[in-house]
Structure formats: C-alpha cells, structure tokens
Amino acid sequence: MDVLAGSATASSSYPHLLISNFYKNHCSSASMAAAPPPQLLQWKYLPVRIVEARAKSPLMCIMTMSLKRPINYANYSKIKKKLRLKKYAGNLHEVIKCSEKIRRHIFVFVAGLMVVMSASLSVSSIPSWALTEENLLFLEAWKMIDRAYVDKSFNGQSWFRYRENALRNEPMNAREETYMAIRKMLATLEDPFTRFLEPEKLTSLRSGTRGALTGVGLSIGYPTQLDGSAAGLVVISASAGGPANRAGILSGDVILAIDDTSTETMGIYDAAERLQGSEGSSVKLTIRSGPEIKHLDLMREKVSLNPVKSRLCAVPASGKDSPRIGYIKLPTFNQNASGAVKEAINTLRSNNVNAFVLDLRDNSGGLFPEGIEIAKIWLDKGVIVYICDSRGVRDIYDTDGSKAVATSEPLVVLVNKGTASASEILAGALKDNKRAVLFGEPTFGKGKIQSVFELSDGSGLVVTVARYETPAHTDIDKVGVIPDHPLPTSFPKDEEAFCNCLQDPAYACNKVELFAR
C-alpha cells in the first residue's frame, strides 16, 4: 500500500493518518518525468508513546516512509489513485493490528494506573505505625488546639507537620510521657495562658470558679514594668481575710521566691500550683513590697471567694435629704457573681439609694459569662464586648435591656492595676457606653479570653480562644482600661472604710468628686 507518512505530532482535530512532508519541486516537467517514482516502505511500528505527564498527547500508531527524492505532483496523482482503488487491501491486517495495539496499550496503561492508585490509597489509609492509647490522647489535645486556638498561624509553624513529627519522635509509652509531649507542644505557641492541666489540677481550677479553693488567697500575674525592676511575679490582688491579706501583702508587691525557688523564670500557673496545697500546710514566700524585702511563712487554708460585699453609706449634708450611696465590692467573677450583684442592688434600692459605687479594684477576673451578665444588669442597651480572632471581629455580645436592673442611678466604678480580665470587660463596657465614670489607675491589661477543655482521661487544656475589644474597639491587652479620673493612694479599699471616709470631711474620698455630674 502506497501511503505517505503520518505526523506523530498531529493535532487530534486532523485525520489520524496525514499526508505530509511534500517538497515542492520547481524543476521542469521533463526532468520530473525522467525521475523514478518514489519508493514507499512497508508498515512498521515505532515505540508507542505512553501517555505523557498529564496525558496531553493521544496514543498513535505511526507509519514511516522514506523518499529517495522529492515527489512531483504528476506521480503523486498516480499514488493517490492507487490508494483509492486498493482501499488499503494489501495491508488491512496491519492496520487492524495497529488499532488493536493502541487499544492494548490503553488498557494496560489504565489498568496499571488503577492498580497504582488502589495501592496508593491502600497504603495511605493504613498508618505506618499502630496508634496507641497514648498517641490518641496526644492527638485529642492536638485537635483541640487546632480547632480552638486564637492564632491560626500557631506562632508561625506548620501545625500538621508538628503533629506528624511528634508522633514519630516524642516518646509516649506512659501517661506522664504523653503529658510531657502535650506540654512541649503547647510551649511552641509561646502563650503563657494556654496550658495543660493534670486531672487533679483541672478539678482544683473548677472548684475555684465555684467559690472556694485551698491556698493563701493570692491572684498573681506577670510584671508589666519595662525597666526590669519587677523581676518575679506581681501580686494582682489578695483575697480579703485570706492568709496573704492578713500578712499585709498588697497589690503590686512582687513575689521573688516560693519555698526558696526563684520566680524569675517561673510561669504564673506553676507558681499558682505551688501556692495551693492541702489545708494546714505551709508555704514560704519572699516578697518585695516597695524597697522592703519580706520573708513570710503562710499557712494554707480554705479561702472563700465571696463574690459580693455591699453597704449603704449615708453622706452628711445640710439639707433634709442626705445622699445615700450604695457601695458594692466585687472581688471575683465566679458562678454566683451576677446573682449576688443583682441581690445587692435590690437590697440597697429598698433603702432608697441615690447612687452606686462598684468597686472592681483587685478583681483579677474569673468567668467570662458572669462579666457579661453583670454588664447587662447596668445597661439598658448597647454593645458589651467584641470578640476577635486573627481575622477580626468574630462575635458581638450586646444587650437589649431585657435583663437590666439599675440603669438610671449615677454609677462610679473604681479600678486599679489589680483589675484584670473579666473585670476589665465590665469596666470597659460601662465606660464606653457612658453608663459609668471610672476612677483609679490603668487596669492590668489582660485582653485575651481562655476556655477550658476536658480530655478523655480527665486532664484538661486551658486555651486562648480569642482576644477582645471594648465597645469603642479599644484593644486593652498589655495597656489596660484607662480611667476618667485618678484616685488618691489613700482611698479606702473596703466597704466599712469607704463609708467612714464619706462621713468624715477630712478624709480623702470627700476630696474626690465621685458624683460631680
């Protein structure tokens, strides 16, 4: 069969066999006639191209030819006619064999691809090692961080790669080794508020939010001074009536050592665990209070975290109706706080108060939902707080006034550097909604929110899940809520001293116009 060669690179829009490689000869017709006809070779198979990467080129059966010299069009017409008449009869079986070969290559390729894919899927579905119970506990902790942590860059690392490397390289043959692997994982986040809790410590944390714990009654934090003079851990507040409070420890004092162990590089939660212990046991503290260094030996006891103390204070006046101020001291946000505040307001109102003072000094925070509920008591409407993550505002807590109790009486809020966390949310909401006037000093500046998650074995994770902004979109982290007016350092800190101060014109509180408006 006389057929010209097909193009191996032909587009699929053209016939499978193309007539190509013609050379136009501009010689005379005589010289063309004298030339012998072109010699056509028999079919032969070149190596079939298996589908290239991404299968861009179709499979082809290739036929080759060799021309001894250029073809003239007169001879070409004879070849064309011969092709038409013979209908490929001479080499029909070769064409069929070529087609079968293409189909065979396609079948082998597709079948091989399916086998490879099947094997690959089979291998990927089966881990290269058997996951143990300890591995599964580690993965449970990893998933909680992956799902809940506020920083989705995970401090600039590949969180998935860390998981794979830890499962391969970290020893997890016993429960304590697994706990150590979890702590090591959390340490890579460089977030002091995201931490691991063993089962007994999780139980202790929950008991603290319910209103009581065994220790010395201190709330502590990291120093905020930039001059390096506050190496150690700073006292945010001392629970009224607790061992630390009776020993004279004040907000702003610095804990230099606990049981002769320096706190210079100690985390606040490690320190908190050292301060807590069994009732009746003792703990040694080295405290710096101003220029003075104190060495104290305190006895641990059950510290009751009474959420609210209140008192009616009458202010002497020359007129018939003397001002009556309701003083409310809120030292913490446990699960009873909002109900206790509401009860105190109603009791004071029954005694015809004219104004309220809400004292948040040395309130180191507590349960976030309780802070929101207490804000709703004082506000008739408005935003309470914006919850934000790495992408911006994620949620908004506001109120429509349905839970409001006291929205009309003048309100003063007292704050200091011991005012932190949930109490800062409350103070910021009351200030930005112009519901209250703030007196005191800038607050602590803890602008992040943590949630507690329990793992399957009873241990837990405390995870930073969000940061917050006040209704005026102020990020108070490491800055604090800035009060409207200062307070003198001698301003009283408890309800009895506050009332006595109001009744004596010579005392500091009468020099402060708390209700000037």
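Predicted model: local features only at pLDDT ≥ 70, side-chain atom pairs only at ≥ 80, totals over all residues.
Residues are numbered from 1 along each chain as its sequence is written, and side-chain values use heavy atoms, with hydrogens and water left out.

Start with the interior. A nonpolar core is a set of buried Ala, Val, Leu, Ile, Met, Phe, Trp, Tyr and Cys residues joined through side-chain atoms within 4.5 Å. Buried means under 20% relative accessible area, exposed over 50%, and partly exposed in between, with a 1.4 Å probe and protein chains only. The largest nonpolar core has 69 residues, and Leu330, Leu358, Trp378 and Leu461 have the most contacts inside it. Helix α4, residues 133-148, gives the most to this core, with 8 residues. Helices (H or I, at least four residues) and strands (E, at least two) are DSSP runs, numbered from the N terminus. A second, separate core has 20 residues, including Ile258 and Met266.

Helix α4 also packs against another helix. Its axis comes within 9 Å of the axis of helix α6, residues 175-187, and the two cross at roughly 25°. Axes are lines fitted to C-alpha atoms, for helices over the stretch in contact, and angles run from 0 to 180 degrees between N-to-C directions. The angle therefore makes α4 roughly parallel to α6; angles under 35 degrees count as roughly parallel, over 145 as roughly antiparallel, 65 to 115 as roughly perpendicular and the rest as oblique. Among the residues that make the contact are Leu137, Phe138 and Trp142 of α4 and Tyr179, Ile182 and Met185 of α6. Contact means heavy atoms within 4.5 Å. By class, this contact of α4 with α6 has 10 nonpolar, 1 polar and 3 charged residues. Ala, Val, Leu, Ile, Met, Phe, Trp, Tyr, Cys and Pro count as nonpolar, Asp, Glu, Lys and Arg as charged, and the others, Gly among them, as polar.

Helices α10 (residues 337-349) and α11 (residues 368-378) form another pair, with axes 8 Å apart and an angle of about 25°. That makes α10 roughly parallel to α11. In this pair Ala337, Ser338, Val341, Lys342 and Ile345 of α10 meet Glu370, Glu373, Ile374, Ile377 and Trp378 of α11. These residues divide into 6 nonpolar, 1 polar and 3 charged. Leaving aside residues up to four places away in sequence, Trp378 touches Val341 and Ile345, and its other partners include Leu358 and Arg435.

Some single residues remain. Ile325 lies in strand β11, residues 324-329, and is buried, with a relative accessible area of 6%. Ile325 and Val353 are 28 residues apart in sequence, yet 5.5 Å apart in space, C-alpha to C-alpha.

Loops also hold buried residues. Thr263, in the loop between β6 (261-262) and α9 (268-275), is buried at a relative accessible area of 0%. Phe154 sits in the loop between α4 and α5 (159-169), and its phi is near 50°, a positive value in a residue other than glycine. Phe154 is buried too, with a relative accessible area of 5%. Ser421, in the loop between β15 (411-415) and α12 (422-432), has a positive phi near 60° and counts as buried at 14% relative accessibility.
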